[in-house]
Amino acid sequence: MSEHAEKPFLYVVVCAAGIAEDISELITAAQERNWEVGVIATPQGLGFIDATAVEAQTGRPIRSAWRSPGDPRPFPAPDAVAVAPATFNTVNKWAAGISDTLALGTLCEAYGLGVPIAVLPCVNKALAAHPAYRASVERLRAMGVRFADPYSGEPQQGGGRAEFHWDRVLDLLKADGRS
């Protein structure tokens with residue numbers, strides 16, 4: 001557990017996918033499982049969430065940009081990281097070690113620190129079939145990153161969309177006894 005928090009601290013990395021507007025469901029589920037939560041959004045992902053509501057729910061600012069040298073760290077060190085929804089772009093850049101946003105830098109660093117990471121991909125079937133994506137998932141899995149099945153967000157027969165099981169990412173972290 002993080003030395004700065006009484007409860008274990010979960011970083012939630014949010015990417016730019018329509019389902020991100022429901023991120024409060026993951027925050028609620030994590031809080032019900034006794035996690036403190038801090039949200040890190042990709043720059044594009046920030047536009048998909050209600051920042052005011054998320055900050056009220058977590059009691060912390062959303063992070064999306066690097067802090068300036070000398071600024072205090074707004075979050076304690078993570079005990080685990082949940083990436084939900086994770087997009088094609090983020091998965092591929094992360095697997096390649098690209099750290100051009102705070103979210104990607106956090107993911108790259110978390111691996112090096114041995115922090116457990118679980119991912120709920122939100123990738124349509126056409127993108128999930130791309131060889132770069134398949135190779136990226138394979139590489140990240142080899143690094144110990146846990147993946148749920150991808151959510152395509154595509155309409156189901158009869159209309160509507162399948163449910164995005166936010167708590168699945170917490171279940172993936174539970175294997176370490178952390179949730």
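A: Ala, Val, Leu, Ile, Met, Phe, Trp, Tyr, Cys and Pro count as nonpolar, Asp, Glu, Lys and Arg as charged, and the others, Gly among them, as polar. By that division, the lining of the largest pocket holds ten nonpolar, three polar and four charged residues. This is a predicted model, in which local features need pLDDT of at least 70, side-chain atom pairs count only at pLDDT 80 or more, and totals for chains, interfaces and linings use all residues. Residues are numbered from 1 along each chain as its sequence is written, and side-chain values use heavy atoms, with hydrogens and water left out.

A pocket is found on a 1 Å grid over the protein atoms alone: it is an open set of points where a 1.4 Å probe fits, with protein on both sides within 12 Å along at least five of seven lines, and lining residues have an atom within 4 Å of a point. Grid points are joined across faces, edges and corners, and a volume is the space filled by probe spheres set on the points.

The largest pocket has a volume of about 410 Å³. It is lined by 17 residues, and Y11, R63, R73, P78 and E109 are the closest to its centre. Helix α4 (residues 102-113) supplies the largest share of this lining, six residues; helices are DSSP runs (H or I, at least four residues), numbered from the N terminus.

The second largest pocket holds about 170 Å³ of space. Its lining includes L120, P121, Y151, F164, H165 and R168, and divides into seven nonpolar, one polar and three charged residues.

Conventions:
Helices (H or I, at least four residues) and strands (E, at least two) are DSSP runs, numbered from the N terminus.
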